[in-house]
Amino acid sequence: MMTRSEERRDPRRPVSIWRSQDLVDGRPAQALTMILRTVGCRWNRCTMCGYAGEGAPASAEDLIVQFESAMEKCSPEVTVVKIYTSGSFLDSEEMPAAARIEILRRLENAGIKKLIIETRPEYVNPGAVEECLSHLQTEFAMGLESANDLKREHLIRKGFLFQDFVLASEMVHGLGGGVKAYLLLKPPFLTEGQALRDAISSARTARPYADIISLNLCNVQRNTMVERMWERGEYRPPWLWSALEVIKNSPGPIICDPVGAGTRRGPHNCGQCDAALAEAIRKHDLTQDTRPFDDLHCQCKEAWQKLMELEEQSFGTPLC
């Protein structure tokens, strides 16, 4: 029997699989999400990302076995499949071409209508994009994080420019694919107010190049620079009130999965209202209606507002 540590390194076992209802092309749809265990992101330098710890060298055969295991949870009502690798689906060193082609073929034969994959922009090229689109409608999700090059490079260390994202997006759109842009709320070293404003500005800047914006609320992942800062009391995950403000003030469609909401390592408010706000954010994903946000109230909202005022008066020093 495998230990938990051995399971995490088993190249024939996916990291996670789940079913959900997601907003797809403006309408709710049944989706199957799978995180396949690969060798991991080749870049692996981002300050907040600890996904490399879940990786394991996986051959093309191993990845097909993982895919088969995940597809056991599929059913006729599922029209969308999301395949994540904690890196780039289009990187042949992470996802061997033989596995990628076989997975695409099987999804097409299974009658899946849409595939959503993640990739860094440097792996977006005509051949890779056309390979996906020749089998089924595909949305290419890219972790832009911020439209500000200085913040993306020095606070997050993404290793590419906004223009790289633009060029990759234009290539995908030119070939008939869709684009999702991931934005990060509260990278390290930003105050709550700075992070909120950057996310809104980034959403507005990225919107012409993305069919949908996905707001990721930074959480404290293990073995990251963010974790080291958090342990020293130098970082606090974003408030859920901030997420609401970004969603309300960004051009839609915009979605957000508040992973870890209400926990110390995840986005949180006071502990009393976290569940209600997280549920409201999830409901918004399917309706894109922000009006229910106006009915959410808690005494901690004043503390959140006061915190941002004090941070402004402290010359931009984050107050954790």
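Lys-186 sits in the loop that links β6 (178–185) to α7 (192–206); helices (H or I, at least four residues) and strands (E, at least two) are DSSP runs, numbered from the N terminus. This is a predicted model, in which local features need pLDDT of at least 70 and side-chain atom pairs count only at pLDDT 80 or more, while totals for chains, interfaces and linings use all residues. Residues are numbered from 1 along each chain as its sequence is written, and side-chain values use heavy atoms, with hydrogens and water left out.

Is Lys-186 buried or exposed? Lys-186 counts as buried because its relative accessibility is 4%; buried means under 20% relative accessible area, exposed over 50%, and partly exposed in between (1.4 Å probe, protein chains only). Leaving aside residues up to four places away in sequence, Lys-186 touches Thr-191, Glu-192, Ala-195, Cys-218, Tyr-235, Arg-236, Pro-237 and Pro-238, where contact means heavy atoms within 4.5 Å.

Now step back to the whole chain. It comprises 11 helices and 8 strands, and 52% of its 320 residues count as buried. Among contacts with a separation of 6 or more, 74% join residues 24 or more positions apart.

The largest nonpolar core has 86 residues, of which Ile-83, Leu-107, Phe-165 and Leu-215 touch the most other members. Such a core is a set of buried Ala, Val, Leu, Ile, Met, Phe, Trp, Tyr and Cys residues joined through side-chain atoms within 4.5 Å. Another core, of 9 residues, lies apart from it and includes Ala-29, Ile-35, Val-80 and Ile-116.

Finally, a few backbone details deserve a look. Most residues other than glycine have a negative phi, and most peptide bonds are trans. Asp-25, in the loop between β1 (16–24) and β2 (27–35), has a positive phi, near 55 degrees. With 52% relative accessibility, Asp-25 counts as exposed. Asn-223 also has a positive phi, of about 60 degrees, and belongs to the loop between β7 (212–217) and α8 (225–231). Its relative accessibility is 69%, so Asn-223 counts as exposed. Which peptide bond is cis, with omega near 0 degrees? That is the bond from Gly-252 to Pro-253, and Pro-253 is in the loop between α9 (240–248) and β8 (254–256).
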